[in-house]
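The report below is meant to be read beside the model, with the sequence at hand for locating residues.

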Amino acid sequence: RGEKNKGHSVKLSIRIRISLIALAATYFGGAVSIGLRFWDLKVSLLFLMWSTPFFAAAWVVAGIPIVIAGDLVLRVPKSLVAVGGAAAGAFVLFLLPFIEWLNFLIWKTPGITRSIALPWAYLTGWPAFCAALGAGGTVLYRWLLARASL
């Protein structure tokens, strides 16, 4: 009665649906923002096609754990949820270079050294954008979950 989430747990199927809604909103929001940044519809469509595997990986990395966490996400401060989502968004983008680096680390080629060069200019581009998408997606999920638990 007036208290949020007093003993009321949202069913798993509803949490999954909410996470997919938040993922889709973030996916299309990213495409729109990229299109507005470059002022080109073709770039938005390219983003939609190119980023699909990254958003699938993001749902595995961030979506599934937040769904499993249940209503615990409502007891965590919004800022912490946003920071976790931002970290997951950046992690997903760095996943492919990290896997490539591990590949070269495990299967060494004699005489060839490998390293990951990440200049600051690179870190302020796509990783920052993906971190913003991750933060927005997790905060949106938290907001939708709070509305569903009333």
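This is a predicted model: local features need pLDDT of at least 70, side-chain atom pairs count only at pLDDT 80 or more; totals for chains, interfaces and linings use all residues.

Residues are numbered from 1 along each chain as its sequence is written, and side-chain values use heavy atoms, with hydrogens and water left out.

**Overall fold**

The protein has seven helices and zero strands, and along the sequence it reads α-α-α-α-α-α-α; helices (H or I, at least four residues) and strands (E, at least two) are DSSP runs numbered from the N terminus. Of its 150 residues, 32% count as buried, where buried means under 20% relative accessible area, exposed over 50%, and partly exposed in between, with a 1.4 Å probe and protein chains only.

**Cavity and pocket**

Both kinds of space are found on a 1 Å grid over the protein atoms alone: a cavity is a set of points where a 1.4 Å probe fits but cannot get out, a pocket is an open set with protein on both sides within 12 Å along at least five of seven lines, and lining residues have an atom within 4 Å of a point. Grid points are joined across faces, edges and corners, and a volume is the space filled by probe spheres set on the points. The classes in the table take Ala, Val, Leu, Ile, Met, Phe, Trp, Tyr, Cys and Pro as nonpolar, Asp, Glu, Lys and Arg as charged, and the others, Gly among them, as polar.

| Space | Volume | Lining by class |
|---|---|---|
| Largest cavity | about 370 Å³ | 17 nonpolar, nine polar, no charged |
| Largest pocket | about 180 Å³ | eleven nonpolar, three polar, no charged |

A search of the whole structure finds one cavity of 30 Å³ or more. Of the 26 residues that line the largest cavity, Leu 23, Thr 26, Phe 55, Ala 58 and Gly 134 are the closest to its centre, and α1 (12-38), α2 (41-50), α3, α5 and α7 (126-148) each supply at least two residues of that lining.

The largest pocket, with a volume of about 180 Å³, is lined by 14 residues, of which Ile 66, Val 73, Val 81, Gly 84 and Thr 138 are the closest to its centre. Helices α3, α4 (72-75) and α5 (78-106) each give at least two residues to this lining, and the largest share, five residues, comes from α5.

**Surface patch**

Val 60, Val 61, Ile 64, Ile 68 and Phe 91 form a nonpolar patch on the surface, with about 430 Å² of accessible area together. Such patches are made of residues with over 30% relative accessible area and no salt bridge, like charges being joined within 9 Å and nonpolar side chains (Val, Leu, Ile, Met, Phe, Trp, Tyr) within 5 Å. Accessible areas come from the Shrake-Rupley method with a 1.4 Å probe, and for residues only the protein chains shown count as cover; a salt bridge is a side-chain nitrogen of Lys or Arg within 4 Å of a carboxyl oxygen of Asp or Glu. Helix α3 (residues 52-68) gives the most to the patch, with four residues.

**Single residues**

Val 61 lies in helix α3, and the C-alpha atoms of Val 61 and Val 92, 31 residues apart along the chain, are separated by 7.6 Å. Gly 136 belongs to helix α7 and is partly exposed, with a relative accessible area of 40%; Gly 136 and Gly 85 are 51 residues apart in sequence and 7.5 Å apart in space, C-alpha to C-alpha.

Trp 39, in the loop between α1 and α2, counts as exposed at 70% relative accessibility. Trp 39 has a positive phi of about 55° although it is not a glycine. Most residues other than glycine have a negative phi.
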